Amino acid sequence: MKLELTKKSLIMGILNITPDSFSDGGFFYSTENAIQHAKKLIADGADIIDVGAESTRPNFTPISADEEISRLEKILPAIKNLGVPISIDTYKPEVAEFALQNGASIINDISGKMFDVAKKFSVPIIAMHNQKISGGDIISDIKNFFRKNLRDDLQIIFDVGIGFNKTQEENLTILKNLSKFKNLDGREIPLLLGVSRKSIIGYLTSFDINNRDEATGAICVLAVAQGVNIVRVHNVAMISKMIKIADILRARG
C-alpha cells in the first residue's frame, strides 16, 4: 500500500481505545463505542483512522504488548472494512505486526524505529522525532533525524513530534517553521502534524483541554499552508471543513 499525498491534505481521525488518554480516555474503550466512533469519524471526513490501544500522554503508564493486543483484537476486525485505511499507533513491533495482520495498513510509530516491520509488510510508516535536543537547535535536530532515516524502499511520513521530549518553546519554534522541514537536501519530505488539543495550545492561550478544537483547527490550516500532508485530529467534523478550504486556496484538492 502507498498513501496518495499529492491530491489533497489528509485527515487522520484519532480513535483511542484506552481508559487513560489525555483528551478522550475511556470514551471509546468499549467495543461498541469504538466502532460507532470510527464510523462517525469517517462520516465526518476522516481519510485515515488512527487506532491507539495504549496512552502515550505525558507520564503515561506503559502496558504490556499482550494487553495492547487484547484491546485491539475485537476492534480491528470490526472497522477494517469501513472504507478508509487503518493506522496502528504503537511503538511495539509485536503489536504493529498483530495489527497489520488484522486490518491495519499503516504504522504510526512514536519511537521512529519500526522501519523493518514496515518493510516486512510493505506498508507506509509515520516516524516521529521523539528525542530531546542533542545540540544546535531543534530545527536542525529534527532535520538530522529525517536525514538519518530517509530510505528509498519505504514510504516514510515524518512527524515532527509536538509534545514529545520537547519544551513548549521548542514546540512553538517547530510550529512557526514547519515549511523548513519540507525540503531536505533537495528532497521533498512528507509530513504529519499531531497537535490536536495538546498542551502547547494551553501554553499559548487560556483554553482548557475541552476547548481547544478551534485552536487546533487554526494550527492545522497554517500547517497545511506550509506543506504538511496529514493532520491528526480528534474533531474531524470541524477540522476537515477547515482543511478543505485551505486546500482550495492553495490549489491542492
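Which residue forms a salt bridge with Glu 54? The partner is Lys 92, and the closest N and O atoms of the two are 2.6 Å apart. This report, which describes a predicted model, returns to that pair below.

## Overall build

The protein contains ten helices and ten strands. Its radius of gyration is 17 Å, close to the 18 Å given by the globule rule for 253 residues, so the protein is as compact as a globular protein of that length. Along the principal axes, the C-alpha atoms fill a box of roughly 45 × 40 × 40 Å.

Of the 253 residues, 53% are buried. Among contacts with a separation of 6 or more, 63% are between residues 24 or more positions apart.

## Helix H2 and its cover

Helix H2 spans residues 65-72. Its buried residues are Ala 65, Glu 68, Ile 69, Arg 71 and Leu 72. Seen down the axis of H2, these buried residues fall within an arc of 160°, so they line one face of the helix.

## Salt bridges

The count of salt bridges comes to 14. One of them joins the side chains of Asp 50 and Arg 232, with an N to O distance of 2.7 Å. Asp 50 belongs to strand E2 and Arg 232 to strand E10 (residues 230-233), so this pair ties together parts that are 182 residues apart in sequence. Asp 50 and Arg 232 are both buried.

The pair from the opening question links two loops. Lys 92 sits in the loop between E3 and H4, while Glu 54 sits in the loop between E2 and H2, so the bridge ties together parts that are 38 residues apart in sequence. Lys 92 and Glu 54 are both buried.

Another salt bridge is formed by Arg 151 and Asp 153, whose closest N and O atoms are 2.8 Å apart. Arg 151 is partly exposed, with a relative accessible area of 24%. Asp 153 is also partly exposed, at 37%. Elsewhere, salt bridges that share partners join Asp 50, Asp 89 and Arg 232 into one network.

## Asp 141, a buried charge

Asp 141 is in helix H6, which covers residues 138-149. Is Asp 141 buried or exposed? Asp 141 is buried, yet it has no salt bridge. The nearest side chain of opposite charge is that of Lys 166, 8.6 Å away. A salt bridge requires the nitrogen and oxygen to be within 4 Å.

A polar atom of the Asp 141 side chain does lie 2.6 Å from the backbone nitrogen of Ser 134. Leaving aside residues up to four places away in sequence, Asp 141 touches His 129, Lys 132, Ile 133, Ser 134 and Gly 135.

## Asp 152, an exposed residue

Asp 152 is found in the loop between H6 and strand E6 (156-159). Why does Asp 152 count as exposed? Its relative accessibility is 74%, and the cut-off for exposed is over 50%.

The side chain of Asp 152 makes a polar contact of 3.1 Å with the side chain of Arg 187. Asp 152 and Gly 13 are 139 residues apart along the chain, and their C-alpha atoms are separated by 28 Å.

Notes: Residues are numbered from 1 along each chain as its sequence is written. This is a predicted model: local features need pLDDT of at least 70, side-chain atom pairs count only at pLDDT 80 or more; totals for chains, interfaces and linings use all residues. Side-chain values use heavy atoms; hydrogens and water are left out. Helices (H or I, at least four residues) and strands (E, at least two) are DSSP runs, numbered from the N terminus. Buried means under 20% relative accessible area, exposed over 50%, partly exposed in between (1.4 Å probe, protein chains only). Lys and Arg count as positive and Asp and Glu as negative; His and the chain ends are not counted. A polar contact is a pair of N or O atoms within 3.5 Å; within protein, one must be able to donate a hydrogen and the other to accept it, and residues adjacent in sequence count only if both atoms are side-chain atoms. Contact means heavy atoms within 4.5 Å. The arc is that of the directions from the helix axis to the C-beta atoms. The radius of gyration is taken over C-alpha atoms; the globule rule is 2.2 Å times the number of residues to the power 0.38.
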